[in-house]
Amino acid sequence: MFNLFLGKKKQPLRKILCLGAHCDDIEIGCGGTILQLVHAYPELEVDWVVFSSNPARKREAAKAARLFLNGCATSRVRILGFRDSYFPSERKKIKDTVQKIKEQTSPDVIFTHFRHDLHQDHRIINELTWNAFRAHLILEYEIPKYDGDLGSPNLFVSLDESTCRAKVKNILDAFSSQSAKAWFTEDTFRALLRIRGIESGGTKKFAEAFYCRKACIE
């Protein structure tokens with residue numbers, strides 16, 4: 001396993017962009033990685049954009065963003081109101097929104113949905129991310145779900161036990177409206193972190209997994 005680092009002493013990570021279709025997607029997909037990056041880079045700037053919400057979910061998403069971005073030097077959290085599960089019919093408006101985001105930031109790393117995710121809203125966000133950002137490092141995260149679309153990721157971020165605990169606790173504390181869902185449980189989130197930790201071959205037991213389609217090492 002070859003180890004790479006997001007940022008280095010001479011060129012630290014400065015800006016990241018997190019895109020999520022729904023209010024808990026970013027946290028589930030890359031919450032542990034975000035916690036580690038915020039801790040590792042005190043000057044980090046984070047743009048955090050959620051595309052679908054309603055009043056109750058918006059309050060939960062705002063709370064979650066505060067928890068995950070606590071200690072971040074600069075954060076801009078936007079929670080939009082596109083209709084859940086209707087992204088294909090709202091594609092033009094969502095594309096316009098993504099283009100505006102591109103005009104406002106030039107991130108070092110972008111976290112977005114996996115291109116083969118079986119949820120149509122997730123796929124739309126992925127496609128529009130790649131359509132807008134043509135010269136950026138894009139890491140695609142995964143969301144466990146009933147559809148069973150977990151694949152074979154090719155990039156892993158190792159996480160220690162304390163980061164995993166913080167990630168899962170933040171998710172469960174923030175998104176109480178989802179507690180009735182059979183899959184929205186501590187053991188679901190920890191199980192996937194453990195499996196990806198095994199696959200990563202790293203020294204830590206846990207990891208988050210991503211799909212990196214294009215990367216250039218100079």
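Predicted model: local features only at pLDDT ≥ 70, side-chain atom pairs only at ≥ 80, totals over all residues.
**Stop 1: the main core.** Select Ile16, Cys18, Ile34, Leu44, Val46, Trp48 and Phe111. In the largest nonpolar core, which has 41 residues, these touch the most other members. Now colour helix α1, residues 25-40. This helix supplies 7 residues, the largest share of that core.

**Stop 2: Trp48.** Centre on Trp48 and show its surroundings. Leaving aside residues up to four places away in sequence, Trp48 touches Cys18, Ile26, Glu27, Ile34, Ala65, Phe68, Leu69, Arg76, Val77 and Arg78. Next, pick Val49, Val98, Ile101 and Leu128. They are among the 18 residues of a second, separate core.

**Stop 3: α1 against α5.** On the α1 side, show Glu27, Ile28, Gly31, Gly32, Leu35 and Gln36; on the α5 side, show Thr163, Ala166, Lys167, Asn170 and Ile171. This contact counts 4 nonpolar, 5 polar and 2 charged residues.

**Stop 4: α2 against α5.** Keep α5 and bring in helix α2, residues 55-68. The axes are 9 Å apart, and the angle is about 155 degrees. With the cut-off for roughly antiparallel at over 145, α2 and α5 therefore fall in that class. This crossing is right-handed. Select Glu60, Lys63, Ala64, Leu67 and Phe68 of α2; they meet Lys167, Asn170, Ile171, Asp173 and Ala174 of α5. Here the classes are 5 nonpolar, 1 polar and 4 charged residues.

Notes. Residues numbered from 1 in each chain as written. Heavy atoms only, no water. Core = buried A, V, L, I, M, F, W, Y, C linked by side-chain atoms within 4.5 Å. Buried < 20%, exposed > 50% of the residue type's maximum accessible area, 1.4 Å probe, protein only. Helix = DSSP H or I, 4+ residues; strand = E, 2+ residues; numbered from the N terminus. Contact = heavy atoms within 4.5 Å. Nonpolar A, V, L, I, M, F, W, Y, C, P; charged D, E, K, R; others polar. Axes fitted to C-alpha atoms, helices over the stretch in contact; angles between N-to-C directions. Parallel < 35°, antiparallel > 145°, perpendicular 65-115°, else oblique. Left-handed = near helix turned anticlockwise from the far one by under 90°.
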